[in-house]
Amino acid sequence: MSAAETSTAGQVLRLLLSGNGERSGQDMAQRLGISRAAVAKIVSSLREQGLEIEAAPRRGYRLVSEPPLLLPPMVEARLKPGSLGLPFFYFPEIDSTNLEARRRAEAGAPHGACLAAEHQTTGRGRLDRHWQAPRGSALLFSIILRPVLRLSRVFALNNLISLAVCRALEKHGGVEPAIKWPNDVYLEGKKLAGVLTEFTSRAEAVEYAVVGVGLNVNQEPEWLAGMDQPAMSLLAATGHAWNRATLLAQILEEMTSLHDQFMAGGGEELAREYAERSLILGLQVKVREGKAVREGKAVGFAPEGALLLEEDGSINPIHHGDVSLLDWEVLA
Ligand code: BTN
């Protein structure tokens with residue numbers, strides 16, 4: 001399998017999904033340029049991974065169900081060729097997808113590669129916090145990006161991924177999340193997702209960035225209640241469990257088009273779209289940048305990702321920091 005291609009198992013599953021769950025072995029063999037025996041072999045490997053696929057004489061194969069996992073063929077089958085997310089790497093357990101992505105990026109992993117895990121033993125949040133989620137319940141993934149980008153614009157990646165999460169949830173999930181700059185996604189006034197972006201640079205240019213996302217998907221309300229800050233999951237908000245493989249592919253698809261738009265000079269327009277979902281626009285906020293704390297009114301966002309803060313009559317860009325609202329009750 002070359003870097004940005006879908007595995008043949010992913011292609012078989014894509015055909016089954018697009019054929020309303022049903023396809024003949026002959027049809028799949030022809031479309032993929034492989035033998036019927038090779039199709040049968042792939043179908044049995046998919047079954048071994050937990051997918052339920054029936055075979056009926058003369059009618060072919062029928063996809064009955066998929067396991068509640070993020071198996072590579074299940075994600076790949078839902079991605080367009082060339083999308084971010086390929087190649088896709090899956091870990092039943094890992095220390096942290098961001099750490100592993102950095103290790104792989106150092107070893108030469110390509111732009112677009114995505115790593116997802118069912119469980120992280122040392123999931124990392126911003127400001128050295130831990131990020132926790134019960135095994136198999138959340139989306140925990142990291143994307144390796146190698147954009148040709150000046151270092152000063154790297155923070156825009158935070159805005160792009162938060163926007164990608166929002167767009168995917170609005171389009172396909174019927175929920176309306178909001179973003180707390182730089183990259184927390186909120187639903188019903190509680191944190192739904194967090195982003196940890198890490199990068200390396202050479203001569204003021206980004207060498208690679210790792211954009212890590214933790215999104216609460218199928219966590220039960222009882223588990224959320226034990227978190228140290230108000231947290232929300234999609235299950236808790238909508239009352240039903242979500243297919244994480246589908247959702248991950250939808251986020252990756254949105255991220256692909258946002259990244260393309262940004263790299264083609266569309267930063268201004270994206271900053272406006274980001275502002276429409278902002279939880280803090282027009283509000284008095286406190287921004288912690290390391291030890292410094294600044295207070296002012298959030299009046300906009302710059303194309304390269306900065307928050308525009310009005311302080312004592314002047315408007316200043318803030319590139320990174322941790323925001324708290326001076327009046328949290330506005331969220332209630
Ligand atoms: C935050 O809100 O503090 C950011 C949380 C980011 C968590 C994700 S989970 C997947 C990826 N791997 C990590 O170790 N962290 C990020």
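Predicted model: local features only at pLDDT ≥ 70, side-chain atom pairs only at ≥ 80, totals over all residues.

Tutor: A polar contact is a pair of N or O atoms within 3.5 Å.

The ligand is surrounded by 20 residues. Ser 96, Gln 120, Arg 124, Arg 126 and Lys 191 are the closest of them. For Lys 191, an N or O atom of the side chain is 2.6 Å from an oxygen atom of the ligand. Ser 96 also points a polar side-chain atom at the ligand, with 2.8 Å between that atom and a ligand oxygen. Asn 98 uses its backbone instead: an N or O atom there lies 3.4 Å from a nitrogen atom of the ligand.

Asp 128 is located in the loop between β5 (114-117) and β6 (139-145). Its phi is near 60 degrees, which is a positive value in a residue other than glycine. Two peptide bonds are cis. One joins Leu 86 and Pro 87, with omega about -5 degrees, and Pro 87 sits in the loop between α4 (72-76) and β4 (88-91). The other runs from Trp 181 to Pro 182, with omega near 5 degrees; Pro 182 belongs to the loop between β7 (178-180) and β8 (184-187).

Now the rest of the chain. The domain assignment gives domain 1 (8-65), domain 2 (72-276) and domain 3 (284-331). Taken over C-alpha atoms, the centres of domain 1 and domain 2 are 30 Å apart. Eight residues from domain 1 and seven residues from domain 2 make the contact between them. About 580 Å² is buried between domain 1 and domain 2, and carbon and sulfur atoms give 66% of that area. On the domain 1 side, Gly 10, Arg 14 and Leu 17 supply 62% of the area buried against domain 2, more than any other three residues.

As for the polar side of this interface, the rule finds zero salt bridges between domain 1 and domain 2, while three residue pairs are in polar contact. Helix α1 (residues 8-18) provides the largest share of the side of domain 1 that touches domain 2, namely five residues. Sorted by class, that side of domain 1 has five nonpolar, two polar and one charged residues.

Methods
Residues numbered from 1 in each chain as written. Heavy atoms only, no water. Domains from an automatic or database assignment. Contact = heavy atoms within 4.5 Å. Buried area = accessible area lost by both parts, 1.4 Å probe. Salt bridge = Lys/Arg side-chain N within 4 Å of Asp/Glu carboxyl O. Polar contact = N/O pair within 3.5 Å; in protein donor to acceptor, adjacent residues only side chain to side chain. Helix = DSSP H or I, 4+ residues; strand = E, 2+ residues; numbered from the N terminus. Nonpolar A, V, L, I, M, F, W, Y, C, P; charged D, E, K, R; others polar. Near = heavy atom within 4 Å.
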